[in-house]
Amino acid sequence: MQALLRLTQSMPGARFDPGDGAVAPVAWVSPADANQVRMLFQWCAQFKLQLVPAGVSGGLDDALEHDSPRDLISRVDPATPTICVDVRRHLADLTSSENGRLWRAGPGCTIGGLPAAIADELLSHPHAHPGQTLAAWFARSGRSRHLQSVDVMLSDGSRERFGQMGAGGVPCVHSPMAKRLIPVLFQMLCEPLMQSWCASDVWPARYRLDALRVDHRRAPDMARLLAGSRGTLAWVEQFTFDATPPGQAAAAEMQSGGDSRAVALEQRIKALFDPSSIFPHLPARISATT
């Protein structure tokens, strides 16, 4: 706790609510800006804690549907030391460029705060509502033809912008970690089982490896791979939306079953992105009968 006290003193404007020992988090934090999230990340890496976005892990309930930190943090695995981060108060910037065509939004921005053309499309999907944060929306599904890219912090602390890749699936990335993991993902996609899943109308895993397919319908897209990943693969710092995107082919639906081969794929992708387990674990699958 002394280390946590020193950290709080170095983060002016942030709100800290220390855990009381009865629940999992070491602290509940509302950072004042993205730099403070990066400080929290380094602290979690040093002390072997997990960095969990509030409202996007466990039961995937939206942060704005709860009144107190305890309502949210009780949904984190009680055996896992955790820093729970609330993005609602300060990480909600929204700016535009290119005469209002591109919109950049922080993870605490709500769907209802986006331009109407973008918000209406997001709200057309299940479980979305105007007060939902983009962090919770992206963790739950992240489906939108308007989403152009996401700026993320990877598990080694490096920062990267993920979106559509170049011709032939050539990645336009800069960090050493991204340059290592993307070729491995493409190798996974070439496996016979993955190819058979890509040919189906249903993708059985919760990590969308099929987003890296190279075909005539759409370019490989790392942002789509992260969509719906429950905050377990990377920390999203910013979203970029295109208010007038080109049309896109419909993606395969995601199945919520319990195929052991799909679970094995999820474990491989999780280990590739997050070898130190600094981000939350992927929640257990829900049986189709429940």
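Residues are numbered from 1 along each chain as its sequence is written. In this predicted model local features need pLDDT of at least 70, side-chain atom pairs count only at pLDDT 80 or more, and totals for chains, interfaces and linings use all residues, while side-chain values use heavy atoms, with hydrogens and water left out.

**Exercise 1.** Describe the second largest pocket and its lining.

*Solution.* 
1. A pocket is an open set of points on a 1 Å grid over the protein atoms alone, where a 1.4 Å probe fits, with protein on both sides within 12 Å along at least five of seven lines; lining residues have an atom within 4 Å of a point.
2. The volume, meaning the space filled by probe spheres set on the points, is about 320 Å³ for the second largest pocket.
3. Of its 23 lining residues, A34, R38, G106, E237 and Q238 are the closest to the centre.
4. Elements that each supply at least two lining residues include α2 (34-47), β7 (147-153) and β10 (235-242); strands are DSSP runs of E of at least two residues, and helices are runs of H or I of at least four.
5. The largest share, 4 residues, comes from β10.
6. By class, the lining has 11 nonpolar, 4 polar and 8 charged residues; Gly counts as polar, and Asp, Glu, Lys and Arg count as charged.

**Exercise 2.** Determine how β7 is placed and which strands it pairs with.

*Solution.* 
1. In β7, 6 of the 7 residues are buried, that is, under 20% relative accessible area with a 1.4 Å probe, protein chains only.
2. Strands pair if DSSP finds at least two bridges between them. β7 pairs with β10 in the antiparallel sense over 6 bridges, and D151 stands opposite Q238 in β10.
3. β7 also pairs with β8 in the antiparallel sense, over 5 bridges; here S149 stands opposite G163.
4. β7 and β8 form a hairpin with 5 residues between them, and G157 in the turn has a positive phi of about 90 degrees.

Note on methods:
Buried < 20%, exposed > 50% of the residue type's maximum accessible area, 1.4 Å probe, protein only.
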